[in-house]
Amino acid sequence: DDAPERAKSADKSDDARTSKASAEPEKKEAKKLEAGDTQEVTASGVTFELAYAPAGTFVMGSPSSETGRDSDETQHTVTLTQGFHISTTEVTQALYEAVMGDNPSSNYGRDTDCATCPVETVNWFDAVKFCNKLSELEDLKPAYSISGTTVKRIAGASGYRLPTEAEWEYAARAGESHTHAGSDNVDEVAWYDGNSDNQTHPVGT
């Protein structure tokens, strides 16, 4: 369960967080975007927030001493040559339904629907279709060409797409080196089986 971005590159993550490519300001007097600058976007009556991540270099992966580390997390330096915008939360059920016309979520452990909870029970193909539909609603060029189960990135497209694995980690780290995004204590920043009471929770809480 993740969120939207508009932009550039490979689709290794099934993070439902989308990103969007950031254009260079055309006027010299335009405000220069800084890391973390946010903007609100409204699609079909539902508002969500994007944050700006500038181009930069960071150390991807985790140290061998980190608890819970997987074997494929060898640390290495990665440079992102273009800035991008990325959603500050997972895609909510309200936004997904507003864009796609249905809500497939099972609302784990809840007796009622939860519009502000993350959409779930979606696969990677659902996520790229969502990105394209969201792009169309904003009159942006879709980032994906979809034919059956064949999906290709469209070079130079201005629409929403899934962030790459490197982009997601870069945004999650935000210049820091915590074990988890924003903290070394998972209970402070995430819902998981140890603290969620076996149910989904609203995004950003």
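1. A search of the whole structure turns up one disulfide, the term meaning a pair of cysteine sulfur atoms within 2.5 Å. This is a predicted model, in which local features need pLDDT of at least 70 and side-chain atom pairs count only at pLDDT 80 or more, while totals for chains, interfaces and linings use all residues. Residues are numbered from 1 along each chain as its sequence is written, and side-chain values use heavy atoms, with hydrogens and water left out.

2. The disulfide links C114 with C117, at an S to S distance of 2.1 Å. Its torsion about the S-S bond is about 75°, so the disulfide is right-handed. C114 and C117 are both buried, that is, under 20% relative accessible area with a 1.4 Å probe and protein chains only.

3. Helix α2 covers residues 124-137; helices here are DSSP runs of H or I with at least four residues, and strands are runs of E with at least two, numbered from the N terminus.

4. At the start of α2, a side-chain oxygen of N123 comes to within 3.0 Å of the backbone nitrogen of F125, and after the helix comes D139, which has a positive phi near 60°.

5. Which residues of α2 are buried? They are A127, V128, F130, C131, N132, L134 and S135, and C131 has a relative accessible area of 0%. The buried residues of α2 pack against β3 (38-43), β4 (46-53), α1 (93-100), β8 (144-147), β9 (150-153) and β10 (160-161), where contact means heavy atoms within 4.5 Å.

Conventions
Buried < 20%, exposed > 50% of the residue type's maximum accessible area, 1.4 Å probe, protein only. Expected span 1.5 Å × (residues − 1). Polar contact = N/O pair within 3.5 Å; in protein donor to acceptor, adjacent residues only side chain to side chain.
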